[in-house]
Amino acid sequence: MSFDAHIFRDAQTGLIIDFTDAPAGQTDGLGAAVEAMAAIEHGEMANIDERRMVGHYWLRSPDLAPTDAIQQDIQSTIDQIKDLERGDHDAIVWIGIGGSGLGPQLVEAALRTPDTPTVLFLDNTDPATFQEVLSGIDPVRTLVVVVSKSGGTVETRNGLMAAMRRWEDAGEPFAPHAIAITGHGSRLWKAANDWRARVQLWDWVGGRTSVTGPVGGVLMSLCGMDFQAFLNGAAACDALTRLDPEDNPAALMAGAWHRAGDGVGNRSLVVEPYVDRYALLSRYLQQLVMESLGKRLDRQGREVHQGLVVYGNKGSTDQHAFVQQLRDGRNDAFVHFLETAAPGPAIVGADDHLASDHLLGFLVGTRSALSEADRPSLTLQVPDVSARSLGMLIALFERAVGLYAELVDINAYHQPGVEAGKKAATAATALLVRLREQLNETPQTAGALAESLEADPRLCWRLLHHLAASGRATAAAGAQPSTDQFSLAGN
């Protein structure tokens with residue numbers, strides 16, 4: 001029996017996807033989904049909630065942008081990125097969160113060479129990490145790249161402020177060492193007026209799809225990586241994913257996701273690269289897939305609670321971890337194996353086999369074991385670990401996400417849940433200030449303070465303990481949490 005019907009292969013890109021053990025894909029609606037993606041590429045207002053076009057595809061093919069002005073803007077920014085130089089700097093501190101951190105981390109881990117400078121990431125607002133990273137660098141020989149489209153992202157502002165203090169303490173001017181990637185006219189754009197460089201971000205590129213633009217390009221240029229090959233790989237895969245569904249690898253993947261999860265995300269996507277350099281792909285895809293598809297409402301306003309869970313690390317490591325459950329436990333996963341055609345160095349291992357022989361054997365063996373238990377999987381192969389292949393992978397998953405969103409009729413390009421979390425965080429920090437202002441020499445319980453502020457007593461209790469732990473209040477434990485007493489520090 002021929003197995004050709006289950007394997008997608010493109011000779012030009014070297015992309016192969018083996019669907020032999022995947023569910024038969026959903027086909028109804030995929031033609032319309034491909035047409036919808038074409039409309040997005042032509043400038044349709046895809047993100048209705050935020051009144052924005054969605055144009056990350058234009059980043060690797062500027063000629064597709066809907067206006068001459070946008071085309072010229074993209075090309076001039078790409079040229080600017082390619083002209084960036086690291087100079088005498090041998091380290092980079094990268095400050096950005098979400099897609100502004102996850103994309104660059106994937107690129108750096110995948111494409112690093114012995115000549116790549118040290119790259120350190122501040123992608124949270126953890127003060128211990130600020131101290132650890134910044135105390136270990138030489139400000140004279142370190143570049144700082146700050147990424148925030150709005151310029152107001154709190155976590156990124158905190159990292160920037162910590163970095164600026166480090167340079168100030170060292171007696172070194174900050175601006176000659178700093179690069180901003182941000183929206184034109186943003187708060188950060190204005191603050192970076194005298195910095196080493198400012199690179200523009202556009203409101204039609206979401207953070208989770210920004211890595212083929214300035215967010216990935218600046219890192220690659222500063223690290224001596226081939227940004228143009230990265231763009232070319234993404235563009236080549238984009239061309240494949242514009243084809244009719246039966247010849248379209250992203251449509252075939254999206255259809256398989258839809259069928260595997262019964263159209264409501266009943267199966268997690270487990271990403272298993274059998275190449276260590278692609279180990280961060282699952283972390284990157286968690287944001288791309290889950291922030292795009294995890295939605296309460298569809299476009300018609302109906303409550304649907306859509307989404308696909310993504311997790312994974314790398315094979316064969318995970319064969320000694322959660323593959324046991326994937327085979328014999330809950331039948332709720334759809335495994336995506338990833339390999340390269342290039343086997344890597346010819347290093348002889350156990351039983352006179354090459355290490356790459358064993359790696360392939362473990363992939364094939366795990367896939368076979370899953371198949372025996374009727375657990376679905378597919379196998380992706382790219383030519384190698386290179387800028388071009390990484391660009392292909394990113395473009396493939398971006399398009400599959402967009403097509404899947406069309407199948408389930410959701411807006412893949414907004415993130416109301418993220419915004420809700422930001423609003424709640426702002427309210428919590430404001431309450432922290434109000435609680436501190438209410439403290440005095442007389443010990444009080446969280447409940448009493450909460451009542452005076454018309455706030456949640458449990459949240460007040462948590463915030464008061466934080467004030468005590470950071471030296472701004474005093475806490476005395478009671479018999480129960482509700483009887484803990486709080487007063488001004490030193491009382």
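Is Trp202 buried or exposed? I looked this up and found Trp202 buried, with a relative accessible area of 5%; buried here means under 20% relative accessible area, exposed over 50% and partly exposed in between, with a 1.4 Å probe and protein chains only.

I note that this is a predicted model, in which local features need pLDDT of at least 70 and side-chain atom pairs count only at pLDDT 80 or more, while totals for chains, interfaces and linings use all residues. Residues are numbered from 1 along each chain as its sequence is written, and side-chain values use heavy atoms, with hydrogens and water left out.

Next I searched the whole structure for aromatic pairs and found 8, where rings of Phe, Tyr and Trp (its six-membered ring) pair if their centres lie within 6.5 Å, and planes under 30 degrees apart count as stacked, over 60 as edge-to-face and the rest as tilted. One of them joins Trp202 and Trp204, which I call stacked because the ring centres are 5.0 Å apart and the planes lie at 10°. Trp204 is buried too, at 7% relative accessibility, and ring pairs link Trp58, Trp202 and Trp204 into a cluster.

Tyr274 is buried at 4% relative accessible area, and Phe337 is buried at 1%.

Last, I checked Tyr57 and found Arg399 over the face of its ring, 4.2 Å from the ring centre; a charge sits over a ring if NZ of Lys or CZ of Arg is within 6 Å of the ring centre and within 35 degrees of the ring normal.
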